[in-house]
Amino acid sequence: MNETVFELEKQLQEKFGFPAFREGQKEIIESVMNGNHTLATLPTGSGKSICYQLPSILLDGVTVVVSPLISLMIDQVKILKSQGFKRVAALNSLLDKEQKNKTLSKLEHYDLIYCSPEMLQQPVVINRLKQIKISLFVIDEAHCISQWGHEFRTDYLRLKDVIKSLEEPTVLALSATATPKIQQDIIHDLSISLNKIIYPMDRTNITYQVQYSENHSEKQEQLVNIINQVHAPTMVYFSSRLLTEEVSSLLKKKFPNRQIAFYHGGMEQQDRLLIQQQFMHGQLDIICCTSAFGMGVNKDDVRLVIHYHLPSNLESFIQESGRAGRDGNHSVSVLLYTHGDENIPFQMIDSELPNDIEIKQYIDHGKLEDEEYSEIKLRFLDYQLNHASETEFNLIDTIKQVRDQRKKVKIKSLMDLLGWIKSDSCRREGLFKLYQPNVRAADYDCCDYCGFEFYNIDLNQKSYVVNRTNWEGVLNDLFNGVSF
Amino acid sequence: MIQFNKLLLYMLSRLDKQRTISSAFHILRGKKSAQTIQDIHLFQMQHVFGVYQNLDPNIYHKWIQYFKDSSWLTIDEDTYTLTDQGYDVLNDWHDFTISGLNGFKYHRIDRKWDESVKLLVQTLSNLSYGDKYFIPVTDDLHIQFRVKQLIKKYQQDKKLLTQKFTSELYQVLHALSDEQAAFISKQLTGYNRIGLSKVQLAEEYDLLVDDIHITHIQIIHQMLKIIESDQQRFPILNSIIPVQNQQYGMTESAFRTFQLIEKGYTLPEIESLRQLKTSTIHDHVVEIATRVDHFDIGAYVDQKTIDQVGQVINKSESRRLKDIKLQLDEAVTYFQIRLVLAKFNQIKESVSI
């Protein structure tokens with residue numbers, strides 16, 4: 001046993017360049033390497049992906065990872081490739097037919113294949129997977145399987161059958177936001193017995209703060225004050241693209257000596273890539289972004305995460321604020337709240353699910369008029385229709401009921417977040433008590449309720465300024481002084 | 001630096017009273033329709049064809065709205081008119097130049113070549129600092145593959161490749177103005193230094209993103225011209241120019257129609273064979289006539305009609321099909337007029353260039 005442990009650590013150093021495992025990683029890896037079906041929870045930002053990436057290299061055969069978000073999948077593959085891992089691929093709906101066939105034809109040559117859940121419903125994909133040796137089947141974001149989870153994905157419910165048709169390879173279900181109730185759902189819905197490895201979700205190096213304001217100009221003032229006190233890698237989350245741009249330009253005026261940029265899903269692909277890379281390479285101090293930023297962003301030393309708007313639920317807040325301090329050093333999460341901020345996420349919940357007219361439209365015509373969120377709506381409707389029994393008399397009413405139940409879950413999650421904001425007790429306790437019996441003490445300051453004040457912290461860590469003044473100098477820097 | 005509003009007003013002045021307000025949009029985006037292709041030859045706008053291929057229609061309409069609000073133009077039923085004020089503004093911009101833009105020639109390769117150069121810079125920069133691993137600045141797998149191939153060719157001596165490449169890059173930048181060279185260099189990504197995005201460049205130069213885009217394309221066209229004219233001095237930069245397929249630069253679909261015509265099929269036969277509308281096949285034929293010098297339009301228009309149409313075109317100031325048709329025999333079709341115009345422009349072009 002000691003020898004294999006030593007081996008794992010050596011492999012981690014060799015393949016990923018990390019000197020040691022973080023909490024939980026080794027135990028999970030050992031469990032799956034020994035062929036045990038495993039359900040594991042690790043706090044967000046603690047390196048969940050190592051738990052299957054390392055085994056994928058060490059095990060014979062292919063590791064399949066089911067991942068709900070295509071953009072996350074693509075980022076992961078990109079990052080792995082940039083670290084020198086070549087035998088990794090992604091199967092998702094963005095591939096054209098030629099790319100997909102090419103990937104499918106050489107499936108056994110990969111160590112690691114990311115796959116969207118809907119791809120696993122395609123007979124060609126399943127049949128191909130049946131022909132190869134699958135050593136590990138990973139369900140990332142496993143909480144998506146639970147109807148009580150904020151991100152319930154109907155196609156995750158079909159994974160049970162997929163696992164069966166692949167003759168039950170070792171399964172690893174991973175999540176960073178699974179309450180005990182959701183853990184039960186995962187075990188129940190997969191109907192296999194899972195070895196539970198549950199690590200506490202709380203992040204002891206993050207200090208939490210909520211700041212109230214009367215209106216938007218006061219909120220802006222608070223933001224400026226915070227930025228003024230912390231000169232370190234900072235993310236500011238917004239729920240609107242326009243505001244990322246507006247506040248970014250406001251901050252630039254106030255702080256001409258800092259490197260500030262914005263990022264949102266409406267930007268050109270090349271610009272997005274550059275901004276993301278600048279932030280990762282420490283060439284930006286502050287990034288004003290929507291939730292589109294940050295998936296797969298491997299930056300260890302983010303010191304400050306500010307929420308200018310409310311995320312849509314408590315889990316998203318934990319996840320986004322968890323982008324701070326992956327290196328374990330002191331970091332701060334601030335949520336800025338003005339009365340009425342909850343209107344935007346409430347509207348989102350309303351517009352994400354099909355309304356009565358749309359349900360009828362879909363059942364009568366099999367499609368929806370083109371509009372926003374139609375993909376999420378279609379996925380929902382499609383599943384409901386396929387899973388209704390033939391004798392269903394009142395299909396429309398049944399679907400309405402399911403929708404209303406989803407809505408209720410989402411509204412509750414948002415209400416939980418609001419309750420947390422307005423609560424008069426320890427922030428850390430409030431955030432994590434749903435997940436674990438005992439919330440651990442903070443390594444540094446705890447939260448505003450427990451007496452944290454901004455002015456007595458020192459997180460300073462400035463960006464690296466790239467010299468771009470004269471083009472000949474730029475060329476010289478780029479090519480390490482090669483003469484031209 | 002080219003300012004987009006100047007470029008757009010200049011384009012609109014060329015098409016003044018002749019075309020709809022969207023025509024300039026299609027030209028900027030490089031639309032491969034017979035109408036647009038014909039227009040650029042007719043109005044001598046080949047150089048701006050396809051220079052803004054991802055121009056957002058909403059942004060375009062905001063510009064048009066701005067011109068309207070400034071009383072530089074008025075929109076009529078099926079065309080628009082530049083006002084005196086509009087022309088005054090245009091004349092005031094005497095420093096405005098778009099020389100260097102060559103959209104018709106480069107629109108298929110300019111952005112891909114630029115991405116290839118940037119990826120090569122990033123790769124060789126990282127290699128020269130001993131770093132093999134980085135996230136590529138382009139997601140285009142094709143470009144990644146070609147750059148990898150090139151580097152493999154120099155497997156034994158990557159340092160030599162770096163030296164040759166940097167020397168080429170230095171020379172081509174040196175052939176530009178210092179301002180232009182700086183504009184390009186700020187965008188380059190390498191070891192531990194990430195290039196600026198378009199938005200960041202716009203902030204730095206206090207310009208709009210649209211201006212940055214057009215200026216960038218203009219410089220890329222100039223660079224392409226420089227390296228193409230001296231292939232021996234710039235072998236590496238030339239080798240990463242994307243290969244164009246030999247279809248006379250026409251659309252896939254028009255090329256297939258062309259192949260069938262060459263095999264002797266009649267237009268109605270091609271129509272039923274390809275399950276396309278008559279109007280689509282006619283569009284193809286006009287496109288073919290525009291692109292292929294030796295294509296004979298005699299099968300579709302008799303010589304007498306060709307002469308008649310030619311006379312009207314020579315006399316008339318208007319290039320609107322409707323105006324031309326009104327001056328002709330009723331039996332002459334729009335299709336025939338367009339074919340004659342296509343050939344007419346080819347001749348004019350070969351004289352003027």
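Before anything else, my rule for helices: they are DSSP runs of H or I with at least four residues, and strands are runs of E with at least two, all numbered from the N terminus. I am working on a predicted model, where local features need pLDDT of at least 70 and side-chain atom pairs count only at pLDDT 80 or more, while totals for chains, interfaces and linings use all residues. Residues are numbered from 1 along each chain as written, chains are lettered from A in the order written, and side-chain values use heavy atoms, without hydrogens and water.

**Pocket**

I looked up the second largest pocket. On a 1 Å grid over the protein atoms alone, a pocket is an open set of points with protein on both sides within 12 Å along at least five of seven lines; a cavity is a set where a 1.4 Å probe fits but cannot get out, and lining residues have an atom within 4 Å of a point. Its volume, the space filled by probe spheres set on points joined across faces, edges and corners, is about 940 Å³.

Which residues lie nearest its centre? I found A:Glu245, B:Ile59, B:Val199, B:Val209 and B:Asp210, out of 29 lining residues. Helix 10 (241-254) of chain A gives the largest share, seven residues. Helix 4 (57-69), helix 11 (198-205) and helix 12 (209-229) of chain B each supply at least two. Domain 1 (4-106) and domain 2 (110-239) of chain B each give at least three; the bounds come from an automatic or database domain assignment.

I sorted the lining by class: 12 nonpolar, six polar and 11 charged. Here Ala, Val, Leu, Ile, Met, Phe, Trp, Tyr, Cys and Pro are nonpolar, Asp, Glu, Lys and Arg charged, and the others, Gly among them, polar.

**Cavities**

I get four cavities of 30 Å³ or more.

**Helix pair, chain B**

Helix 15 (267-274) and helix 16 (278-291) of chain B have axes that come within 10 Å and cross at roughly 120°. Axes are lines fitted to C-alpha atoms over the stretch in contact, with angles from 0 to 180 degrees between N-to-C directions.

**Domains, chain A**

I noted domain 1 (3-198) and domain 2 (206-233 + 299-344 + 415-475) of chain A. Their centres, over C-alpha atoms, are 30 Å apart.
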